[in-house]
Amino acid sequence: MRLKQSLASTLFDAISMIFMVFLIIIMLYPMVYVFSASISDNAMVAGGKVFLWPKSLTFAAYERIFGDKQLWISYWNTIRFTVVHTVLTLLATSAMAYPLAKKWLPLRKTILLMAAFTMLFNGGLIPTFIVVKQLDLLNSIWAIVLPSLISTWHLFIMRTFFEALPEEIEDAATMDGCGSFQVLLRIVIPLSMPVMATIGLFTAVGQWNAFFDALIYLSDNTMYPLQIMIRNYLIAGLNPAQGEGDLQTMETVKYALIVVATLPILCVYPFLQKYFTQGSMIGGVKG
């Protein structure tokens with residue numbers, strides 16, 4: 001019996017290993033292909049001759065996009081949109097989630113019900129655009145940041161995490177003379193780094209890859225984020241700086257832009273992976 005269990009366990013481990021390797025190959029291949037296409041000759045890429053390794057190695061695509069001033073403007077816009085949005089989201093979400101985690105809050109269940117209602121229903125695209133326009137936020141960073149500042153799903157995750165923190169620590173800080181806001185900043189938030197890193201990563205990745213809000217609320221090309229520039233290449237096939245595409249490097253430029261846009265997130269994620277996993281698990285333990 002023990003031998004049969006051992007064989008079954010070994011067979012299961014072998015199948016799992018093969019399956020995981022297969023999944024890794026499936027997930028890594030698009031990344032390897034995009035990078036290889038970005039440093040290959042444009043004719044090779046357009047002709048479908050690049051499958052895995054680069055063909056006719058060249059960095060012409062990177063020379064072209066790095067020489068485009070619009071790239072650096074869009075890159076800076078994306079960075080500041082992402083940083084401002086992430087920081088304000090963490091501050092606003094934690095400020096709302098902390099009192100909702102306290103049972104003594106008046107109308108706590110009503111507020112939670114109203115927040116949950118927004119997960120199912122919202123004002124819609126046109127009313128939201130009208131509100132943003134009436135507030136004179138068009139062509140500004142606030143048109144990108146404020147409409148999606150607080151995510152209800154992130155709010156519930158953070159509230160659940162705050163509920164799991166020991167109340168004795170907060171009571172001790174209160175006895176030492178800290179107010180509610182000081183307890184949040186000095187005690188709760190430092191102890192909540194896992195969930196902060198999780199929500200911060202979700203928010204940053206979402207904002208980094210977002211283009212629809214910018215497409216709606218921004219008409220000034222000096223405010224365009226990087227994703228709008230990529231969209232112009234991938235969908236419209238237009239060069240924002242010159243107004244027309246160059247068939248000699250167009251295909252490789254598309255892939256080079258994807259690499260340039262993806263690389264920062266790939267570099268940040270490994271440093272947040274530990275907090276990301278811990279925050280996701282702890283934030284979903286209690287209902």
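**Before you click**

You're looking at a predicted model, where local features need pLDDT of at least 70, side-chain atom pairs count only at pLDDT 80 or more, and totals for chains, interfaces and linings use all residues. Residues are numbered from 1 along each chain as its sequence is written, and side-chain values use heavy atoms, leaving out hydrogens and water.

**The whole chain**

Start with everything selected. The secondary structure comes to 14 helices and 0 strands; helices (H or I, at least four residues) and strands (E, at least two) are DSSP runs, numbered from the N terminus. Of the 287 residues, 36% count as buried, meaning under 20% relative accessible area, with exposed over 50% and partly exposed in between (1.4 Å probe, protein chains only).

Now color by pLDDT, the predictor's confidence in each residue, from 0 to 100. The chain averages 81, and 87% of the residues score at least 70. Select residues 141-145 to see helix α7, where confidence is highest at a mean of 91, then residues 250-282 for helix α14, where it is lowest at 74. Over residues 238-245 the pLDDT is below 50, and this stretch has 17 contacts in the model beyond near neighbours in sequence. A contact here means heavy atoms within 4.5 Å. Residues 283-287 also stay under 50, with 7 contacts beyond four places in sequence.

**Along helix α4**

Next, select residues 69-100, which is helix α4. This helix has 32 residues and reaches 46 Å from its first C-alpha to its last, close to the 46 Å expected at 1.5 Å a residue. The expected span is 1.5 Å times one less than the number of residues. Zoom in on the start of α4: a side-chain oxygen of D68 comes to within 3.0 Å of the backbone nitrogen of Q70.

**Stop at V84**

Click V84, still in α4. Is it buried or partly exposed? V84 is partly exposed, because its relative accessible area is 25%. Show its surroundings and you'll find that it touches I141, W142 and V145, leaving aside residues up to four places away in sequence.

**Finish at T89**

Last stop: T89, also found in α4. T89 counts as buried because its relative accessibility is 2%. And the opening question?

How values were computed
A polar contact is a pair of N or O atoms within 3.5 Å; within protein, one must be able to donate a hydrogen and the other to accept it, and residues adjacent in sequence count only if both atoms are side-chain atoms.
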